[in-house]
Amino acid sequence: MVSPDDCLLCLRYSSEHAHYTVDGGVAVITIDHPPVNAMTPAVAVGIVAGLARAAGDDAVRAVVLNAAGATFMAGADIKDFADADSTARLLAGFASVARALEDCPKPVVAALHGFTLGGGMEIAMAAHYRVIASGARVG
């Protein structure tokens with residue numbers, strides 16, 4: 001797992017696209033990329049940085065991955081499919097987040113609400129557990 005010390009960009013993006021807090025021994029990583037919390041390379045770096053931070057904190061017993069706004073995650077940002085290089089970076093971001101979720105030594109719960117679609121569903125499935133709000137839609 002990548003440590004936050006290994007990547008200064010991780011620290012910058014983690015506060016810009018995925019907020020990290022700890023409450024009562026639970027790390028909360030909140031995806032915050034309006035309007036639908038679409039995955040971008042920057043969002044991926046923020047999530048991975050938050051997971052690394054949680055993994056290295058002995059006071060953290062579990063991690064919750066949630067999202068700001070009305071949607072958990074509605075897949076990828078279509079702008080990142082502009083060319084082959086952008087698409088490759090986006091797919092690498094999805095893979096790195098999925099791997100970091102699966103490999104996290106602490107239990108990770110994805111808290112789904114609103115819409116969870118496409119790549120967002122892949123991210124949710126990579127978490128160790130999922131909880132879903134009443135009325136949420138997945139696919």
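What is the handedness of the β-α-β unit made by β2, α2 and β3? The unit is right-handed. Here, right-handed means that, with the strands pointing away from the viewer, the path from the first strand over the helix to the second runs clockwise. The structure is a predicted model, in which local features need pLDDT of at least 70, side-chain atom pairs count only at pLDDT 80 or more, and totals for chains, interfaces and linings use all residues. Residues are numbered from 1 along each chain as its sequence is written, and side-chain values use heavy atoms, with hydrogens and water left out.

The protein contains four helices and eight strands. Helices (H or I, at least four residues) and strands (E, at least two) are DSSP runs, numbered from the N terminus. In order from the N terminus, the elements read α-β-β-α-β-β-α-β-β-α-β-β. The protein has 139 residues, and 46% of them count as buried. Buried means under 20% relative accessible area, exposed over 50%, and partly exposed in between (1.4 Å probe, protein chains only). Among contacts between residues at least 6 apart in sequence, 67% join residues at least 24 apart. A contact means heavy atoms within 4.5 Å.

Five strands form an open sheet with mixed pairing, in the order β1-β2-β3-β5-β7. The edges are held by β1 and β7 (129-132), each with a single partner strand, so one side of each has no neighbour in the sheet. From one strand to the next, the twist averages 20°. Two strands pair if DSSP finds at least two bridges between them. β1 and β2 are antiparallel and share six bridges. Within this pair, V22 stands opposite A27 in β2. β2 and β3 are parallel, again over six bridges. Here I31 has A67 of β3 as its bridge partner. β3 and β5 are parallel over three bridges, and V63 is partnered by V108 in β5.

A further open sheet has three strands in the order β4-β6-β8, with parallel pairing. Its edge strands, β4 (73-74) and β8 (137-138), each pair on one side only. Strand β6 (residues 115-117) is joined to β8 by two bridges, and the two run parallel. T116 has V138 of β8 as its bridge partner. Helix α4 lies across β4, β6 and β8, at about 95° to β6. Axes are lines fitted to C-alpha atoms, for helices over the stretch in contact, and angles run from 0 to 180 degrees between N-to-C directions. Six of the eight residues of α4 are buried, so the helix is largely enclosed by the rest of the structure. The buried residues in α4 are G119, G120, M121, I123, A124 and A126.

The largest nonpolar core has 32 residues. Such a core is a set of buried Ala, Val, Leu, Ile, Met, Phe, Trp, Tyr and Cys residues joined through side-chain atoms within 4.5 Å. M39, I47, L51 and V63 have the most contacts inside this core. Two or more residues each come from β1 (18-23), β2 (26-31), α2 (41-55), β3 (62-67), α3 (84-103), β5 (108-112) and α4 (119-126). Beyond its neighbours within four places in sequence, I47 is in contact with A18, I29, I31, M39, L65, M73 and V97.

The loop between β2 and α2 holds both P35 and N37. A cis peptide bond joins P34 and P35, with omega about 10°. N37 is a residue other than glycine with a positive phi, near 55°. Most residues other than glycine have a negative phi, and most peptide bonds are trans. N37 is buried, at a relative accessible area of 2%.

D77 lies in the loop between β4 and α3. D77 is also buried, with a relative accessible area of 13%. Not counting residues up to four places away in sequence, D77 touches H33, A38, M39, T40 and L90. By contrast, G56 counts as exposed, at 62% relative accessibility. G56 is found in the loop between α2 and β3. From C-alpha to C-alpha, G56 and P105 are 9.4 Å apart in space, although 49 residues apart in sequence.
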